[in-house]
Amino acid sequence: MKRITLQFSSLLAALFLFAFSCQDHRDPDPEPIAEDARVRTLEITNPGQVINDLNFRLYIEKLGTEPIAEYGILLSFKSTNSDEFAKVPTLGNKFSSPLKFEYGATAGEHIHLQESVGFDDFETLYYRAYAKTGNGKVVYGDPMEYTPLDVPKFGSFTLSKSESVPATAKLEVVGLGTVQVEEYGVAYSYKTAPSGAVNVSPKLADRTVSYKLPVSVSAHAVNLPIKEGKFDKLYARPFMRLKNAKIYYGSVKSL
């Protein structure tokens with residue numbers, strides 16, 4: 001049904017009174033009240049072999065009559081011995097942050113893939129779906145929580161070079177966790193000329209070099225084999241291969 005503006009409904013009422021002045025007055029029908037959007041929070045899932053690639057998911061059950069201007073997942077991270085988090089995240093809460101979805105709002109399921117989430121950064125994640133309509137009103141899904149796998153924790157990861165060694169990767173391990181590690185090391189990719197190809201998010205399919213097992217809470221250093229002896233640009237990040245063949249990636253650094 002088309003919406004009737006106040007001005008148009010007033011004109012209709014005036015014409016009605018003019019034509020049927022002997023009949024009782026009848027007010028025009030009120031405008032329909034805009035219906036709120038409705039969203040549902042869905043469980044975080046892992047899409048493949050990399051355990052810290054996470055799918056953040058929500059379901060838009062109802063679009064409503066007011067257009068959705070923004071939607072996504074609200075996040076609040078709880079770290080060890082910290083009270084700076086919100087179990088029920090909201091847009092107005094200082095300990096909540098929005099993960100905004102890029103595509104326009106349509107009814108149905110929406111997924112945002114966040115790669116290489118640092119499990120060592122938090123012990124519990126509180127999250128919920130939200131949608132903000134054009135008139136500034138916000139609707140929320142139910143709050144949920146996610147606990148990451150307790151893998152060995154990476155601290156600082158640095159790259160350096162010298163005249164004799166093209167690249168050295170130093171990794172600090174700050175916690176052992178409860179998951180058995182079969183291998184840990186550095187995945188890296190480099191190019192030798194400005195026009196060369198390089199993977200800015202290196203994986204095991206590129207190049208790897210391993211630290212010595214077993215994993216220990218200390219600093220570990222390894223030289224990255226560079227066949228040409230020099231490079232134009234290098235990207236590297238630490239990795240762990242777990243006993244169940246799952247992979248965990250740390251943050252990427254460049255040199």
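Colleague: In which sense do β11 and β14 pair, and over how many bridges?

Modeller: Happy to start there. In this predicted model, β11 and β14 pair in the antiparallel sense, over ten bridges. You can pick out one of the pairs by eye: E183 has R241 in β14 as its bridge partner.

Colleague: Which other strand is joined to β11, and by how many bridges?

Modeller: That is β12, residues 207–210, which is joined to β11 by four bridges and runs antiparallel to it. Look for G185, whose bridge partner in β12 is S210.

Colleague: Is β11 mostly buried or exposed?

Modeller: Ten of the eleven residues of β11 are buried, so this strand is largely enclosed by the rest of the structure. Remember that "buried" here stands for a relative accessible area under 20%.

Colleague: How should I read a nonpolar core, and what does the largest one look like here?

Modeller: The general idea first: in soluble globular proteins, nonpolar side chains tend to be buried together. In this structure the largest nonpolar core has 49 residues, and V186, Y188, L224 and L234 have the most contacts inside it. The elements giving two or more residues to this core are β2 (54–62), β3 (68–78), β6 (124–133), β9 (153–160), β10 (168–175), β11 (181–191) and β14 (233–242). β11 gives the most, with five residues.

Colleague: Which residues does L234 touch?

Modeller: Setting aside residues up to four places away in sequence, L234 touches L159, A167, Y188, S189, Y190, L224, I226, K253, S254 and L255. There is also another core, which lies apart from the largest one and has five residues, among them V50, F239, I247 and Y249.

Colleague: Let's turn to sheets. Which strands form the open sheet that contains β10, and in what order?

Modeller: Three strands make up that open sheet, in the order β9-β10-β13, with antiparallel pairing. β9 and β13 (219–223) stand at the edges, each with a single partner strand, so one side of each is left without a neighbour in the sheet. From one strand to the next, the twist averages 20°.

Colleague: What is the strand order in the open sheet with β1?

Modeller: The order is β1-β2-β5, three strands with antiparallel pairing. The edges are β1 (38–41) and β5 (108–114); each has a single partner strand, so one side of each has no neighbour in the sheet. Neighbouring strands of this sheet are turned by 25° against each other on average, direction ignored. Between β1 and β2 there are four bridges.

Colleague: Could we zoom in on one residue? Where is T41, and is it buried or exposed?

Modeller: T41 has its place in strand β1, and its bridge partner in β2 is L58. With a relative accessible area of 8%, T41 is buried.

Colleague: What lies around the T41 side chain?

Modeller: A polar atom of the T41 side chain lies 2.9 Å from the backbone nitrogen of A129. The backbone oxygen of D142 lies 2.7 Å from a polar atom of that side chain. Leaving aside neighbours within four places in sequence, T41 is in contact with R57, Y127, R128, A129, G141, D142 and M144.

Colleague: One last topic: backbone angles. Which residues have a positive phi without being glycine?

Modeller: Again, the general idea: most residues other than glycine have a negative phi, and most peptide bonds are trans. Here, N81 has a positive phi of about 60°. N81 is in the loop between β3 and β4 (97–100), and is exposed, with a relative accessible area of 80%. S116 is another residue to look at, with phi near 50°; S116 lies in the loop between β5 and β6.

Colleague: And where is a cis peptide bond?

Modeller: Look between L213 and P214, which are joined by a cis peptide bond with omega about 0°. You will find P214 in the loop between β12 and β13.

Terms used:
Residues are numbered from 1 along each chain as its sequence is written. This is a predicted model: local features need pLDDT of at least 70, side-chain atom pairs count only at pLDDT 80 or more; totals for chains, interfaces and linings use all residues. Side-chain values use heavy atoms; hydrogens and water are left out. A nonpolar core is a set of buried Ala, Val, Leu, Ile, Met, Phe, Trp, Tyr and Cys residues joined through side-chain atoms within 4.5 Å. Buried means under 20% relative accessible area, exposed over 50%, partly exposed in between (1.4 Å probe, protein chains only). Contact means heavy atoms within 4.5 Å. Two strands pair if DSSP finds at least two bridges between them. Axes are lines fitted to C-alpha atoms, for helices over the stretch in contact, and angles run from 0 to 180 degrees between N-to-C directions. A polar contact is a pair of N or O atoms within 3.5 Å; within protein, one must be able to donate a hydrogen and the other to accept it, and residues adjacent in sequence count only if both atoms are side-chain atoms.
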